[in-house]
Amino acid sequence: MEPPFRPIDLDLDLDRGTGPPTRPGHAVLVGVAGRPRPVGEAFDVLLTAEPDPPRPWVGCADPDAVVRLLRERVTRQPAAAVTLVQVLRTGAALPAPDRLVLESLAYSALQGGAGFRDWLAAAPARSPRPAAEPVRLHRDGGCLTVTLARPRVRNAFDAATRDALCEALEVAVADPTVTRVDLRGEGPVFSSGGDLAEFGTSRDPAAAHLVRVGRSPAALLQRCAAKVTAHLHGACVGAGIELAAFAGRVLAAPDTTVRLPELGMGLIPGAGGTASLPPRIGRRRTAYLALAGTALGATEAFTWGLVDEIGEEPAVHP
């Protein structure tokens with residue numbers, strides 16, 4: 001069986017006169033070069049020591065150290081890592097709505113896998129902390145403000161938040177008099193992502209897939225994206241950046257950080273990230289964020305195109 005991680009020194013290949021692979025195979029394929037150069041479509045991540053390289057390359061001071069990090073994380077969760085890059089490769093050729101279906105199918109498959117079961121068994125027990133009003137709405141003429149309102153749990157997404165957000169976005173999709181939607185988060189962070197208290201509570205991954213595609217904030221955001229401005233601040237983790245990236249315009253406070261943590265749980269992004277991030281930053285930089293699990297600050301997120309503007313965002317209080 002092919003090893004799940006395959007790094008290739010592109011400079012060495014150039015010296016030898018051999019070309020890069022033309023087919024990715026069934027592994028995470030990482031190319032490393034001192035300077036960016038054309039390499040074709042086979043690679044899932046491209047690393048270079050050159051600072052501020054053009055897309056799709058990722059600049060890093062020590063590419064060898066990043067290769068070691070990626071190798072360790074892929075080796076620890078090989079099924080999730082390889083599934084991630086396969087979803088990103090395949091999704092590049094699909095219409096936007098179909099990418100969400102593909103992502104959900106893969107996510108549900110991994111929910112039944114050993115990687116997620118092992119993570120779940122080792123995770124500390126968490127008690128649900130439901131909110132009476134997880135999403136708050138305010139209408140002012142043609143502007144609809146949608147605020148994630150669970151600051152006690154850093155605006156984590158639970159099922160109730162998902163359903164309330166769907167109800168709000170259904171208004172934005174159906175009502176032509178809503179010309180602007182502002183998506184905000186109450187408290188010190190925009191959103192910490194999926195509510196870990198609910199992870200593993202569904203015992204039927206197939207049924208979970210049907211719920212995920214049937215009650216999908218991501219699908220609704222796709223439909224009304226041109227109206228939506230996402231206002232980010234603080235941590236934007238998992239669903240917190242995956243959903244925001246669908247917005248037609250993304251504004252970020254200077255303290256904004258984004259991160260995709262799902263690989264460490266034996267999963268892939270499941271709130272639409274494999275559909276929302278690639279149009280903004282490309283599939284290879286999306287793969288890098290998900291595989292490395294490292295945080296991206298506001299400045300780099302702006303440089304990459306994940307956010308459209310950096311500016312002071314006023315805190316949202318109850």
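**The cavity and its surroundings**

Mentor: The largest cavity has a volume of about 30 Å³, where a volume is the space filled by probe spheres set on grid points joined across faces, edges and corners. A cavity is a set of points on a 1 Å grid over the protein atoms alone where a 1.4 Å probe fits but cannot get out, and lining residues have an atom within 4 Å of a point. The model is predicted, so local features need pLDDT of at least 70 and side-chain atom pairs pLDDT 80 or more, while totals for chains, interfaces and linings use all residues. Residues are numbered from 1 along each chain as its sequence is written, and side-chain values use heavy atoms, without hydrogens and water.

A search of the whole structure finds one cavity of 30 Å³ or more. Its lining consists of Leu148, Phe157, Leu165, Leu183, Phe190, Ala239, Gly240, Leu243 and Ala244. Eight of these residues are nonpolar, one is polar and none is charged; Ala, Val, Leu, Ile, Met, Phe, Trp, Tyr, Cys and Pro count as nonpolar, Asp, Glu, Lys and Arg as charged, the others, Gly among them, as polar.

Leu148 lies in strand E6 (143–148) and Leu183 in strand E7 (180–185). E6 and E7 run parallel and are joined by six bridges, with Thr145 opposite Asp182 of E7. Both strands are part of an open sheet of six, in the order E5-E6-E7-E8-E10-E13, with mixed pairing. E5 (135–140) and E13 (309–310) are at the edges with a single partner strand each, so one side of each has no neighbour in the sheet. Helices (H or I, at least four residues) and strands (E, at least two) are DSSP runs numbered from the N terminus, and strands pair at two bridges or more.

Helix H6 (159–174) packs on the sheet and touches E5, E6 and E7, its direction making about 170 degrees with that of E6. Contact means heavy atoms within 4.5 Å; axes are fitted to C-alpha atoms, for helices over the stretch in contact, and angles between N-to-C directions run from 0 to 180 degrees.

Phe157 lines the cavity and is also among the residues nearest the centre of the largest pocket, which is lined by 46 residues. A pocket is an open set with protein on both sides within 12 Å along at least five of seven lines. The volume of the largest pocket is about 1,000 Å³. Its lining includes 24 nonpolar, 12 polar and 10 charged residues. H4 supplies the largest share, seven residues, and H6 is one of the helices that supply at least two.
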